[in-house]
Amino acid sequence: MNPLIELKNVSKIYTIGRNIQVLALNNITLQFNVGEFVAVSGPSGSGKTTLLNLIGLIDVPTQGTITLDGNHISMNGLAQLHRLRLQNIGFIFQSFNLIPVLSAYENVEYPLLLTDLSASERKKRVEQVLAEVGLSELANHKPRELSGGQCQRVAIARALVNKPKIVLADEPTANLDSVTAQEILQLMAKLNQEENVTFIFSTHDPKVVQLARKIIQLRDGKVEQIVMQDNNTVENRKELQGDRPDQPVTKHHRQRGKTKSSANRH
Ligand SMILES: Nc1ncnc2c1ncn2[C@@H]1O[C@H](COP(=O)(O)OP(=O)(O)OP(=O)(O)O)[C@@H](O)[C@H]1O
Ligand SMILES: [Mg+2]
């Protein structure tokens, strides 16, 4: 089976002004399969947001190729990127990004207004997904009438309402206290299992990282290692594994390639 997402030798260079270049991702090769639950971790500046933006088709690589569900992502087709993003990807943001004047229900319904679904089909979908995140009772509340954790549940419902194959979340728990952060992650893990949606989220929080089944550790724009965990507990943490989940659990996986400093010299 083909991977859902494949990055091959992907690099991202940001250019600031005329002369300054920042190598944010350095020759990354990664695969993600349907239904994976993946954390991207690493120090500030290691490239987490850049990686999620590329997977989410918000940005394009400077070098290398990205394939999403068999579609080769090209730099030329902005309309294609937009269509693929709408059809395949849901986003969850650190600061929730809810529309303050809309109720929880209306915030979740919002992405469906861009589709051809009828009003009754939209209602069915919104009610179903609000029930899945445990917010049916609060559907008419505006964001200011909800706690941070409840706001993030609305955002998760909104990310899922279009039935995407992939949900991307950049630091989804950074604005939440640690108990609520764990609850939100448990909810994401439950939805991942029930709906078989691929979740890829970034985090600084070691407790949140431990809930992932696969951890991609970035450093200086490179994959430092990939850690596979058989289930969500630290106790059951397994040996480190290569980047193909169907390979036997064996050893640390390190990406080879030019270092940041040597690549910068070219
Ligand atoms: N738009 C941009 N223009 C120039 N440089 C950028 C831009 N976005 C990111 N960078 C640089 O690229 C590198 C990777 O940044 P990125 O935001 O991906 O890191 P991060 O791991 O998400 O960090 P954090 O944990 O602080 O969110 C950093 O050196 C950063 O300064
Ligand atoms: Mg970031």
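## A first look at the predicted protein and its ligand

Of the 266 residues in the protein, 37% are buried, where buried means that 20 or more other C-beta atoms, placed from the backbone, lie within 10 Å of a residue's own, exposed means 12 or fewer, and partly exposed lies in between. This is a predicted model, in which local features need pLDDT of at least 70 and side-chain atom pairs count only at pLDDT 80 or more, while totals for chains, interfaces and linings use all residues. Residues are numbered from 1 along each chain as its sequence is written, while chains are lettered from A and ligands numbered from 1 in the order in which they are written.

**Overall fold and confidence**

- The protein has eight helices and 11 strands; helices (H or I, at least four residues) and strands (E, at least two) are DSSP runs, numbered from the N terminus.
- Among contacts with a separation of 6 or more, 67% join residues 24 or more positions apart; two residues are in contact if their C-beta atoms, placed from the backbone, lie within 7 Å.
- The average pLDDT, the predictor's confidence in each residue from 0 to 100, is 86, and 86% of the residues score at least 70.
- Confidence is highest in helix H3 (residues 104–109), at a mean of 98, and lowest in strand E11 (residues 237–240), at 32.
- Residues 233–266 keep a pLDDT under 50, and the model has 55 contacts beyond four places in sequence for them.
- Where pLDDT is low, the predicted coordinates should not be read in detail.

**Around ligand 1**

- The shell around ligand 1 is made of Tyr14, Ile16, Val22, Ala24, Gly42, Ser44, Gly45, Ser46, Gly47, Lys48, Thr49 and Thr50, a residue being near a molecule if its C-beta atom, placed from the backbone, lies within 6 Å of it.
- Strand E1 (5–16), strand E2 (20–32) and helix H1 (48–55) each give two or more residues to this shell, and H1 gives the most, with three.
- By class, the shell holds four nonpolar, seven polar and one charged residues; Ala, Val, Leu, Ile, Met, Phe, Trp, Tyr, Cys and Pro count as nonpolar, Asp, Glu, Lys and Arg as charged, and the others, Gly among them, as polar.

**Helix H1**

- Six of the eight residues of H1 are buried, so this helix is largely enclosed by the rest of the structure.
- Those buried residues are Lys48, Thr50, Leu51, Leu52, Leu54 and Ile55.
- After H1 comes leucine 57, with a positive phi near 60°.

**The nonpolar core**

- The largest nonpolar core has 65 residues, and Val108, Leu130, Ala157, Leu160, Val167, Leu168 and Ile200 have the most contacts inside it; such a core is a set of buried Ala, Val, Leu, Ile, Met, Phe, Trp, Tyr and Cys residues joined through C-beta atoms within 7 Å.
- Helix H5 (residues 148–160) gives the most to this core, with seven residues.
- Not counting residues up to four places away in sequence, valine 167 touches Gly90, Ile92, Ala159, Leu160, Val197 and Phe199.

- Aspartate 170 sits in strand E7 and is buried, with 20 other C-beta atoms within 10 Å.
- Leaving aside neighbours within four places in sequence, aspartate 170 is in contact with Thr49, Leu52, Phe93, Gln94 and Ser202.
- Glutamate 171, in the loop between strand E7 (166–170) and helix H6 (178–195), has a positive phi of about 50° although it is not a glycine.
- Asparagine 27 lies in strand E2 and counts as partly exposed, with 19 C-beta neighbours inside 10 Å.
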